[in-house]
Structure formats: C-alpha cells, structure tokens
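Please examine the sequence and the structure below.

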Amino acid sequence: MHFMPDPNVVFPNEYGTSCFLKNVVTAPNIIVGDYTYYDDPEDPTAFEQKNVLFNWPEFGDKLIIGKFCAIASGVQFIMGSANHRISSISTYPFHVFGGAWAENTPPHLSQLPFKGDIVIGNDVWIGRKSVILPGVKVGDGAIIAAYSVVTKDVAPYTLVGGNPARFLKRRFDEMLTEMLLALRWWDFAPEKLAAFLPVLCSEDLDAAKKTIRQMLPAEAGF
C-alpha cells in the first residue's frame, strides 16, 4: 500500500509552492480544514500575513475554510475590520488618530458594520487573485474564477466570476449536486477516500452518479 498524504505537514509534495494551510495559520479566528492548500511560488507559508487582510480577532469575525480547498496565488480575504463607518456623515476613521479626535468619537471598531464570518465550504477552488469580501459564504464544490471580487454568497457546486462576481453556471444537475452534498466525501476516512478517488476524478458523471447512489442510505431518497 502506498503512503497516504499527511494533512499535518506544511509542504505536501516536492514542488514547495503549495502548503497545507492549517499548519501555518496562527490567528485564533482563522480555521482551516485538512488538505486545504494555498499555492504561491514566493512563500505560501506567509498566507496569514499577506492574504488575510485587516484581521483583528477582537472585532469578532472569523475566516472558516473547509477541507480539500484549492486556493490559488494572490487570493485575498478581506476581514470585517477593513470597513469604515458608513451610517454617519463622514466615513473617516477619526478615532484611530488619537488626541482630541479620539476623545470626541466612539471607539473605531465599535462603529464598523459587522458582516459576520467568511465561510468557505469543502472542495472549493478559488482562482488566482480573487478577493472575498466580509461575511461571504461559499458553498461546497464551488469554483470562483480568477480575478473575481466576491461580494455575495455563492451556492454549492456553482461557477461564479467577474467584478462583482456573478453566477455563470451550475457545475452539475440538481440530482448529482444534492447527492454530493449528502455524500460528504471530504469526511471519508483516508483509506475509503483513496478507494473512491477514481469516482471523484472520472468524467463519466452518469457512472459516478450510479456509484454514489449505491453508497447513500435508502432513506436519502436518491
């Protein structure tokens, strides 16, 4: 039996341009699942410093990324504290410059709009230099085209692209999409996943659908 790739190593292969992210992030509000990688020819281990912008954990939002995601070079996640106050006449952050300005204004973070967590599902591919804005939720199996700016939620197994990113197409028919969401292959044990890889990598979707149907419990209704 060949070895199984180890989710707990930083560099999973000999190329040295991809790292398994969960092993290099340190901020308490960044949570990354097994096998999710970031690819960067310069320094993929600097993801937290270069690609998660305006991250102040005390603001209260999180960046949550699932398993088996492929994150291309230059992708950036904009956290909520990047925002400015927009409910008043001026958006200028007077408070952060101290002195009389601080004395006459509320604390800066307390006035920022709170969009919630950025949540990326499992098996999501995010194309080169895309930007994910605060509070966005991206469903399992979605693809985000290169250079996209994602301003709103992305449904599972859809392709989006552009600035702002818009729906381009569904990856699969509704039946296969629902079957994959029920199957949750990303939670398989390593040996079961290895045996299932031919199905995951086959272009014969009808055959894949038959195999998956057999693997799901009858009460799932497929």
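Which element gives the most to the lining of the largest pocket? Helix H4 does, with seven residues. This is a predicted model, in which local features need pLDDT of at least 70 and side-chain atom pairs count only at pLDDT 80 or more, while totals for chains, interfaces and linings use all residues. Residues are numbered from 1 along each chain as its sequence is written, and side-chain values use heavy atoms, with hydrogens and water left out.

The largest pocket has a volume of about 980 Å³. Its lining comprises 36 residues, of which Phe68, Asp123, Trp185, Leu197 and Leu200 are the closest to its centre. Two or more lining residues come from each of strand S1 (18-20), helix H3 (174-183), helix H4 (190-200) and helix H5 (205-215). Pockets are found on a 1 Å grid over the protein atoms alone, as open sets of points with protein on both sides within 12 Å along at least five of seven lines; lining residues have an atom within 4 Å of a point. Helices (H or I, at least four residues) and strands (E, at least two) are DSSP runs numbered from the N terminus.

Four strands form an open sheet in the order S4-S7-S10-S13, with parallel pairing. Its edge strands, S4 (52-53) and S13 (149-150), each pair on one side only; pairing requires at least two DSSP bridges between two strands. S4 and S7 are joined in the parallel sense over two bridges, and valine 52 stands opposite phenylalanine 77 in S7.

Phenylalanine 97 lies in the loop between strand S7 (76-78) and helix H2 (99-103). Phenylalanine 97 is exposed, with a relative accessible area of 52% (exposed means over 50%, with a 1.4 Å probe and protein chains only).

Terms used. Buried means under 20% relative accessible area, exposed over 50%, partly exposed in between (1.4 Å probe, protein chains only). On a 1 Å grid over the protein atoms alone, a cavity is a set of points where a 1.4 Å probe fits but cannot get out, and a pocket is an open set with protein on both sides within 12 Å along at least five of seven lines; lining residues have an atom within 4 Å of a point. Grid points are joined across faces, edges and corners, and a volume is the space filled by probe spheres set on the points.
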